[in-house]
Amino acid sequence: MDEEKKIRVIIAKPGLDGHDRGAKVLAFGLRDHGMEVIYTGRRQSAEKIVKAALQEDVDVIGLSCLSGAHLTFFPKVIDLLKEKKAEEILVIGGGIIPDDHIPILKEKGISEIFGPGTMMDEIVTYIREHVRK
Amino acid sequence: MDNDKKLEEVKKVRKVWEEKVRAPSAKRFRMEDRPTEFHSPDEIPDFDFLRDVGFPGQYPYTAAPYAVSLVPDIRRGSKPGGLRRAGGYSGYGTPEDTRDYYLEMKKLNWLGGPNLAQDLPTQCGYDSDNPEMEGEVGKVGVAVDTLRDFEVIFEAFTEKQELDKIATNVTNNAAASMMVSNYLSLADKRGVSWSKLKCTPQNDILKEFVSRGTYIYPPKPSMRMFRDSLVFFTEHLPGINITSIGGYHIREGGASREEELAFAMSIGIAYLQEGINAGVDIDDFAPKFTFNGFGGSLEVYKEIAFHRAARRMWAKIVKERFGAKNPNSMRIRVPIFAHIGCSSTTKQRALNNLSRGVVGGMAGVLSGGPPMAFPPYDEPLGLGWSLEARQLAEDATRILMYETNMCDVLDPFAGSYFMEALTTETEEAAWKEIDRIETMGGAVKAIETGYMQQAVSRSAADRQKKIDNRETLLVGVNCFTEDYELDVTTSKMIEHPYSEENRYAAEQKQITNLKEVKRTRDNREVTRLLKELEVAAKDESKNLMPLFIDLSKAYASLQEQCDVLRNIFGEWTTDSFL
């Protein structure tokens, strides 16, 4: 019997930002929807995140940052994925991202930003539709 | 006797009412599973006014911490209070940026000392020139690497606002002692006596592990640092508060109301115990404990009950468990009462947060204190978004203070069957949880094992589930979101004094300035002192505060000091508890 391969997700908090409620809630929520989720905890460097993502063979990287350091960290993760030829991994982000930074991040390769008040369904649907097959 | 008979009668009538009057109504209005509540005297048969409530400003402080309202009467010339400090909780960029910000805010009549927000590297014991700090310097607060940075910031506070005339808040926890040391060194340089200084460092490290995240060392050595501060402040700094305990952050992290209350009390117990263990008299240091605030929500009645229960519990803990005699030891000192909590605001139709804020402000009055229509509506829109939002939050607070006359009465719910039953229920649930934590070995143990952290994340996940399945309704987020609903927005007319350009340029500027400090200071002295710190830190019995002060004066950097301690205390890295 062919078992449908579960989508594997890593949720990470780059930098010093300590606000991990959203990241944790997302981890629980995605698990509830049948995905396999790893949560890295706080204070991850871009290098650590990418290393873990590759080690865990994930399909999705979710980055959470509320401290304003997203323009530094999110693109770094994308650059490292490019280096490792792992650009097929879907990268999404959340936290406190000013509206006018979203186009900048998308241009760098972040697929979507999910801000405060996003419903779980929206994120689950997005991942299922955009993850590599 | 007679009273018991009366209550029996009420019970009987109630039962009939529930079956014959309410049940059919509930059925008709489709709420059989949760009919509207009504409360009656039979719910509080053991109510004892003097024991359970008492009069405001005295044990057990259920009604209010003080005997009269804390609302300043501006008609009699009292200075306005509330949010109008030197720009509220603020600070960003370089010390020069923050100094200039405070000077700007003075023009808008922001009075008083700073409520200083520091950037994450400063809160986590790192220097601005650490390459791993790229992107973080000066973002969520001001960068403070050495004493020089305090000197610059406080150029905005001189003469009529000299250090002996202002009260300063410093929101730092893991490095609180270093920041206080900077403050003391600055006072020495300016010839201001330590006895005149008024300051509140947050210095509440345990909640950092539970929800806020700016820890450095593991819990046990962190408690040693706390002990050092408690002992030193008690002995030398009469105007400096030892701690500003947050239940607030724990609730914002996702804890339920009962969890927050229990965890905050347990953490308070752990801190109090440190003082006792160090041989300090409870009545000497307990009056110097404060609470930062508690969490909030839109559930007004429950928040009012929370505050009444919290005051009663802390009073009991300090008096009965720790044997305090001084009534000031037993009183919760907190600047804000019931409110909605920042996490109750929505980004969608953000102006609605003003309405929500007013609800919180009303709860504040009803919970024993002055109102605060907090936070301003722009909370979810980002730091430094709008001054207008702050103005409206202040005006909402003022309307509650001066137009409603609600503050003429303290604790109007006292004696209410509903509120007394709810207060007791809240308190009992919290005691149960505190007992559970005590059985585990106390707050520190409960944190080392991840118990508190997991409770918080589970509750957070629970709440999101309820939002997702619309058991919990959020206007504009999961209901009333159809196309015909107007997405009312507002624009900013006044430029916020935070300059985004400066914020992003701060890192390079600060690195340059730090390099200059390191070049021009007496580096031999710094090296010598750091070695002394290493020796002293290894000795549990040594109080490190005097060394932190010497290091501050020698312009040792924050990370230089923290790295010495990291080597000895270790670092806390276990935080992926789900």
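How many bridges join β1(B) to strand β2 of chain B? In this predicted model, two bridges join β1(B) to β2(B), which covers residues 115–117, and the two strands run parallel. One place to look is B:Y89, whose bridge partner in β2(B) is B:N115.

The next step goes from β3(B) to β4(B), which are joined by four bridges and run parallel. B:N169 has B:T200 as its bridge partner in β4(B).

Taken together, the four strands of chain B make an open sheet with the order β1-β2-β3-β4 and parallel pairing. Because β1(B) and β4(B), the latter at residues 198–201, each have a single partner strand, they stand at the edges, and one side of each has no neighbour in the sheet. A helix also packs on this sheet: α6(B), residues 176–190, touches β3(B) and β4(B). The direction of α6(B) makes about 160° with that of β4(B). In β3(B), four of the five residues are buried, and the strand is mostly covered. β3(B), α6(B) and β4(B) make a β-α-β unit, and this unit is right-handed.

The next topic is the backbone. Most residues other than glycine have a negative phi, and most peptide bonds are trans.

Two of the cases are cis peptide bonds. One joins B:Y59 and B:P60, with omega about 0°. B:P60 is in the loop that runs between α2 (49–52) and β1 (89–90) of chain B. Another cis peptide bond joins B:F374 and B:P375, also with omega about 0°. B:P375 belongs to the loop between α14 (352–366) and α15 (387–402) of chain B.

Two further cases concern phi. A:K85 is not a glycine, yet its phi is positive, about 55°. This residue sits in chain A, in the loop between α3 (70–83) and β4 (90–95). Is A:K85 buried or exposed? A:K85 has 7 other C-beta atoms within 10 Å, so it is exposed. In chain B, B:E159 has a phi near 50°, which is likewise a positive value in a residue other than glycine. B:E159 lies in the loop between α5 (147–153) and β3 (167–171) of chain B. B:E159 counts as exposed because it has 6 C-beta neighbours inside 10 Å.

The last topic is how the two chains meet. In chain B, 29 residues are in contact with 30 residues of chain A. On the side of chain B that touches chain A, the elements that give two or more residues are α4 (120–123) and α18 (451–468) of chain B. Which of the elements gives the most to this side of chain B? α18(B) does, with five residues. Sorted by class, the side of chain B that touches chain A has nine nonpolar, twelve polar and eight charged residues.

Definitions and conventions
Residues numbered from 1 in each chain as written. Chains lettered and ligands numbered in written order. Predicted model: local features only at pLDDT ≥ 70, side-chain atom pairs only at ≥ 80, totals over all residues. Contact = placed C-beta atoms within 7 Å. Nonpolar A, V, L, I, M, F, W, Y, C, P; charged D, E, K, R; others polar. Buried ≥ 20, exposed ≤ 12 C-beta atoms within 10 Å, placed from the backbone. Pairing = 2+ DSSP bridges. Axes fitted to C-alpha atoms, helices over the stretch in contact; angles between N-to-C directions. Right-handed = clockwise from strand over helix to strand, strands pointing away.
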